[in-house]
Amino acid sequence: MSYISVRNLSYQYPIGNENVLKNINLDLEQGKLYALIGSNGSGKTTLCNVLRGYIPHFYKGELQGHVNIKEKDIREWEMGEIAKHIGYVFQNPFTQISGVKDTVFEEIAYGLENLGIEVDAIKKSVENVIQMLDIDYLRDKNPNDLSGGQKQRVAFASIIVMNPDILIIDEPTSQLDPDGTEEIFRIIDLMKRQGKTIILVEHKMELIAKYADEVILMQNGEVKMKGKKEDILSDKEVLQFDSTLPQYALLGLELRKKGVYLDSLPITEEDALEIITKLLERKEVCI
Ligand SMILES: Nc1ncnc2c1ncn2[C@@H]1O[C@H](COP(=O)(O)OP(=O)(O)O)[C@@H](O)[C@H]1O
Ligand SMILES: [Mg+2]
């Protein structure tokens, strides 16, 4: 059985009269970064909430089918046990900050304190994470005084310090500027290189093209497409499901419309440069 396996999953909220997840089947492998894409209301956050056990443990409603994480049904996991294996980063970093701690250092330590871990071990772990994420300059600041990007990095630190194997990250950059976004992706990439399994909801296709392994596309509660990022993000069928492609792929489609022959669509800047260089060699484009 795969690391995370979803079988015939359907879900209806307690208030609501139709399934918002419809017969979803997924097999996720350990150590890969999965980008979950799709338009607003397609069910991405709901699926994340099932994968982290929030549904059905806190949110009732009607859940059909099976979700197995590390070969154990999500219904059989204790919530405390899930928290040790799965870290969840919210869309809004303001929601994640506890509001009860006076310094960033204490804020990051908070989750470990709740697990009753010994003080020296907590300090060591917090110190490690602070170094890893390059946020030493924030350690004595009040979490409430941070910018959105800084808060988001502290939110990541307070999850990473718990050392979960699986990270579920819901639109972490939607409230950040390009610099803040780059910083968050640097952290996500670091986590990937440490072998974490990551499920990331994100709209910025260029970043997905650069960092993800696989893409899962949802629309109206269903998984419409899934596969390797190079296959999905260069497939114009994506556009039919209210989603979009990286700018480089859209440019490639425009070139094709103008009659330029391209073997494949570029998805990253690197691909685009390679393709343009080849076109210049074939003298199809003049400069
Ligand atoms: N707590 C809730 N109760 C009832 N319906 C909900 C709730 N949360 C989300 N929904 C509905 O479920 C559908 C999927 O929402 P969501 O999972 O938030 O989508 P996405 O994250 O892709 O934008 C939407 O139609 C939304 O209105
Ligand atoms: Mg959402």
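**Exercise 1.** How far does a polar side-chain atom of Thr46 lie from an oxygen atom of ligand 1?

*Solution.* Before starting, note that this is a predicted model, in which local features need pLDDT of at least 70 and side-chain atom pairs count only at pLDDT 80 or more, while totals for chains, interfaces and linings use all residues. Residues are numbered from 1 along each chain as its sequence is written, and side-chain values use heavy atoms, with hydrogens and water left out.

Step 1. The polar side-chain atom of Thr46 lies 2.5 Å from an oxygen atom of ligand 1, and a polar contact is a pair of N or O atoms within 3.5 Å.

Step 2. A polar backbone atom of Gly43 is 3.0 Å from an oxygen atom of the ligand, whereas an N or O atom in the side chain of Tyr59 is 2.9 Å from a nitrogen atom of ligand 1.

**Exercise 2.** Describe how helix α5 meets helix α7.

*Solution.* Step 1. Two packed helices are described by the angle between their axes and the distance between the axes.

Step 2. Helices here are DSSP runs (H or I, at least four residues), numbered from the N terminus, and axes are lines fitted to C-alpha atoms over the stretch in contact, with angles from 0 to 180 degrees between N-to-C directions.

Step 3. The axes of α5 (residues 104–114) and α7 (residues 148–160) come within 7 Å and cross at roughly 40 degrees.

Step 4. Val104, Glu107 and Ile108 of α5 make the contact with Val154, Ala157 and Ser158 of α7, where contact means heavy atoms within 4.5 Å.

**Exercise 3.** Which two residues does a cis peptide bond join, and what phi does Lys70 have?

*Solution.* Step 1. Most residues other than glycine have a negative phi, and most peptide bonds are trans.

Step 2. The cis peptide bond joins Ile55 and Pro56, with omega about 10 degrees, and Pro56 is found in helix α2 (residues 54–57).

Step 3. Lys70, although not a glycine, has a positive phi of about 50 degrees.

Key
Chains are lettered from A and ligands numbered from 1 in the order in which they are written. A polar contact is a pair of N or O atoms within 3.5 Å; within protein, one must be able to donate a hydrogen and the other to accept it, and residues adjacent in sequence count only if both atoms are side-chain atoms. Helices (H or I, at least four residues) and strands (E, at least two) are DSSP runs, numbered from the N terminus.
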